[in-house]
Structures are given as C-alpha cells and as structure tokens.
Amino acid sequence: MSARTSLHLAAEIGGPPHYDAGHYLRLARLAEDGALDYVTLGDSFARPGLDALAVLARVAPATDRIGLVPTVTTTHTEPFHISSAVATLDWVSRGRAGWQADVSTTEAEARLFGRRPAAPPAALWQEAGEVADVSGRLWDSWEDDAEIRDAATGRFIDRDKLHYVDFEGSTFTVKGPAIVPRPPQGRPVTVIDATTAPAREAAARHADVVHIRATTPEQAAAVRDEVLRKAAAHGRDPGSLRVLVALTVDLGDVETAPEPGLESGPQLAGRGTYFRGGPVDLADLIAQWHRAGAADGFHLTPITPERDLERIVNGTVALLQHRSLFRTFHPGGTLREHLGLVRPASRYAAARTAAKEA
C-alpha cells in the first residue's frame, strides 16, 4: 500500500480543561496503542486551560511513537519563539512533533496582549502563513552537521553552517539564525485547518497536513483537489501533502444509527461535521470515504474524549485493522515517517552545496 493510498488517522485529546498532565498522557497513550498517526491538543487565547504545547512537551518523554500536535496561535505571539518552542518539542519527543497553526480574531483576545487591535481573517492568515514560512527557514538555519562539539579545540559549532534568514513579513521581521539546533525531523510537521478560504490559501502554501470538513465523500474529494491544485500552483509537489477529513464524533450510544450521509448532523461551533453512531458505523464510513478517494484519512474529535477515544481505538480502529485497512503498528519513529513524508534537506545547505559545485 503506497503512502498516497495509506489510511491516516489522528485524534483530538482536548475537551473541558484539565489541570492534570496525567489526563492527557493517558489519552495519548491510548491513541498510541491504536497506532494513530498523531494526537492534537486544541488551544486558544479565548478559553482557560493549560498551554497545549507545554502539556505535550510533558507527554513526549512518556510516549514512544505517537505524533504530538499542539495548536499554536500565531496572532499576538513572536514567530521566533514559536519556532523555538516547536523545535524543542521535536527534540524532546525524538522527532514526533507537529504544530497546528491558528489565528486569534477577537478584540477581547487582542486586549489580553495590548499590542494591536483585532484584524480581518485574511490578514491574520497571511501572517500565519508567514509565521509558518519563517519557522521553516529558522529550522533550516542550522545545517544538520553544524554542531562540532570539539572539546580539544573549544569549538562547539561551525559558524559557516549557521545562516541568517533575514525574513521580512507583513507584521514582523526575523534575522535569525535559530537558537535551537535543527530538529530531528528537519522541519516539524505543519498542520492547518483549511475550513475558511484564507486558511485554505495558507494551507496550500505551507501545510504538510490539511484538515478539511465535508458532509459527503464527493464534497471532500472536491475540497481536497482544490487544496492540491493550489499547492501545485505555488510550486509544491501535491504528493507532499496529506489531506484529512475533520469529524466530531459522538459514540455515546452504540445502538443509535449515524446521521445519513452526515448531511443532517448539527454543526459544532461553526466548524466541523458531526457524526453520531457506533464504532462499527464509524469504521464503515471511514472505509467508504477512503476507498472513494475522498481524503488521505480522518482527524477525529471525540465529543467526550475519556469515553469516545477508547471506543474509537478499541472499536473503530480495531475493526479497520481487522479488515486490513489500517496498520497495526507505527511504520517509523517520527511523525513524518508515520505520514509517509520525507525529511526535507536544509535549504541553506542545499544552496551552499550548489554554490560550491557551480
């Protein structure tokens, strides 16, 4: 089964705020037992709760294979700090980090920082795309072999293998280089929810994984094709993107049939399609949509994580594994390997090599 046809599954482990890291660790380990590609942990400035990136940094050393993808808000925050924090998560997880870029749209959130007023979504997502761009450049700014660590000569680093990024965006400038060495994955995985048009543009330019929402496999396939066409128009290889359908699931009553085709399911928070039914029904839907070529997989948000994630893993995923539609183990050690994505070379190392050969 090729990387393009492989089924990819991920799950959200957030919900009502918990202030015990063990709660999130238990959910991440459960997802890991099911060989899911990654877990996400939602976050925003509009709700109370622990910082998602910090929580998953705690989860990282207590897990072995599962990818860890916190939501990181790019609005009102410093791109250099975002890049450093996500690179650190990749190091402490030994190459299993990603980040889901999001924006902050309200005046109430803007007042928390007091730096600037709220901006229109198009401007915010332009900035988010620039943050993703400069983060990739900062991760590349250390070549893989930049560290020398030669105690005899007292040389820690080869300065010729550190590079200024000299990035100027619409709202910030970053000189670089990074202060964290190049992450194990080269570049941690960038995830963007492409529900809105401005977010879809940023996803096509910068995301490795794109979450979309649809009520039919035909609609999902159309959105997926649009994202891949946009990526190709920006000079990207469409085969380097993974597109997952985002679905909120309620498996609380296993005797209740799912909403037919999802068309009549209620919308949650203006984003996301709702599925209510049993684990077998969910497995059937995932298999049907994937076989139809609607997407590369699914990102599932359990409406009650403590209850529904267990039913997803031990019911839905187990059935997909029994049908040989989903793997029974992680294929590698990094999130990029789970997703079938190559480890990118440093753009600066490649440019230096090309200059030497010219």
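Select Val-209 to begin: in this predicted model, its relative accessibility is 0%, and because buried means under 20% relative accessible area, Val-209 counts as buried. The residue belongs to strand 10, which covers residues 209-212. Now display the neighbours of Val-209, leaving out residues up to four places away in sequence, and you will find that it touches Tyr-38, Val-189, Thr-190, Val-191, Ile-192, Arg-242, Leu-244 and Leu-339.

Next, select helix 1, residues 21-33, whose 13 residues reach 18 Å from the first C-alpha to the last, close to the 18 Å expected at 1.5 Å a residue. Colour its buried residues, which are His-23, Tyr-24, Leu-25, Leu-27, Ala-28, Leu-30, Ala-31 and Glu-32. The elements covering these buried residues include strand 2 (38-41), helix 2 (52-59) and helix 9 (305-322).

Finally, select helix 3 (residues 79-92) together with helix 5 (residues 121-140), whose axes come within 9 Å and cross at roughly 55 degrees. That angle makes helix 3 oblique to helix 5, and the crossing in which helix 3 passes helix 5 is right-handed. To see the contact itself, show Pro-79, Phe-80, Ile-82, Ser-83, Val-86 and Ala-87 on helix 3, and Val-131, Val-134, Ser-135, Leu-138 and Trp-139 on helix 5. Colouring the residues of this contact by class gives 9 nonpolar, 2 polar and no charged.

Definitions and conventions. Residues are numbered from 1 along each chain as its sequence is written. This is a predicted model: local features need pLDDT of at least 70, side-chain atom pairs count only at pLDDT 80 or more; totals for chains, interfaces and linings use all residues. Side-chain values use heavy atoms; hydrogens and water are left out. Axes are lines fitted to C-alpha atoms, for helices over the stretch in contact, and angles run from 0 to 180 degrees between N-to-C directions. Helices (H or I, at least four residues) and strands (E, at least two) are DSSP runs, numbered from the N terminus. Angles under 35 degrees count as roughly parallel, over 145 as roughly antiparallel, 65 to 115 as roughly perpendicular and the rest as oblique. A crossing is left-handed if the near helix is turned anticlockwise from the far one by less than a right angle, and right-handed if clockwise. Contact means heavy atoms within 4.5 Å. Ala, Val, Leu, Ile, Met, Phe, Trp, Tyr, Cys and Pro count as nonpolar, Asp, Glu, Lys and Arg as charged, and the others, Gly among them, as polar. The expected span of a helix is 1.5 Å times one less than its number of residues. Buried means under 20% relative accessible area, exposed over 50%, partly exposed in between (1.4 Å probe, protein chains only).
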